[in-house]
Amino acid sequence: MPLLAEERHYTAFEADGQLFQYKRLPFGVTNGFSAFQRSIEEFIKRHRLKKVCAYLYDLTVTGESLEEHDINLKCLLDTTAECNLTISEEKSKFRVTELVMLITW
């Protein structure tokens, strides 16, 4: 996931006398999941994606009907493609009719 330019300094590290900053979120970064979730939530909000929820590294797309779900899913997939983001289809589950989640308020 690309990092915003203004957030790259949070990933800065020094090696061999030089300063480096990541341009993409690296694996193993402390708070990487929460940073990823914030980025995805901002992505959802910025692109006005409907009924798409982020939790850590998972995205859940919902709808009141199968037709609405499919429309919302298509919007998500089209938007991620336009923004050069990838979704692993082999790790994804589509058209699940029931989902158990732990939600705290």
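Glu42 is partly exposed, at 38% relative accessibility. Partly exposed sits between buried, under 20% relative accessible area, and exposed, over 50%, with a 1.4 Å probe and protein chains only. This is a predicted model, where local features need pLDDT of at least 70, side-chain atom pairs count only at pLDDT 80 or more, and totals for chains, interfaces and linings use all residues. Residues are numbered from 1 along each chain as its sequence is written, and side-chain values use heavy atoms, without hydrogens and water.

Glu42 has a partner. Arg46 forms a salt bridge with Glu42, and their closest N and O atoms are 4.0 Å apart. A salt bridge puts a side-chain nitrogen of Lys or Arg within 4 Å of a carboxyl oxygen of Asp or Glu. Both residues lie in helix α1, four residues apart, about one turn of the helix. Helices (H or I, at least four residues) and strands (E, at least two) are DSSP runs, numbered from the N terminus. Arg46 is also partly exposed, at 45%.

The whole structure holds five salt bridges. In one of them, Lys51 meets Glu68 at 3.3 Å, N to O. This pair links distant parts of the chain: Lys51 is in the loop between α1 and β3 (52-55), and Glu68 is in helix α2, 17 residues apart. Next come Arg95 and Asp70, with their closest N and O atoms 2.5 Å apart. They too link distant parts of the chain, Arg95 from the segment after α2 and Asp70 from helix α2, 25 residues apart. Shared partners join the salt bridges of Lys51, Glu64 and Glu68 into one network.

Now look at the open spaces. A pocket is an open set of points on a 1 Å grid over the protein atoms alone, where a 1.4 Å probe fits, with protein on both sides within 12 Å along at least five of seven lines; lining residues have an atom within 4 Å of a point. The largest pocket holds about 1,700 Å³ of space. Its lining has 44 residues, and Tyr57, Asp58, Leu59, Ile87 and Ser92 lie nearest the centre. Which helix gives the most to this lining? Helix α2 does, with six residues. The second largest pocket has about 440 Å³ of space. It is lined by 20 residues, and Leu3, Leu4, Glu7, Ala35 and Ser39 are the closest to its centre.

Methods
Grid points are joined across faces, edges and corners, and a volume is the space filled by probe spheres set on the points.
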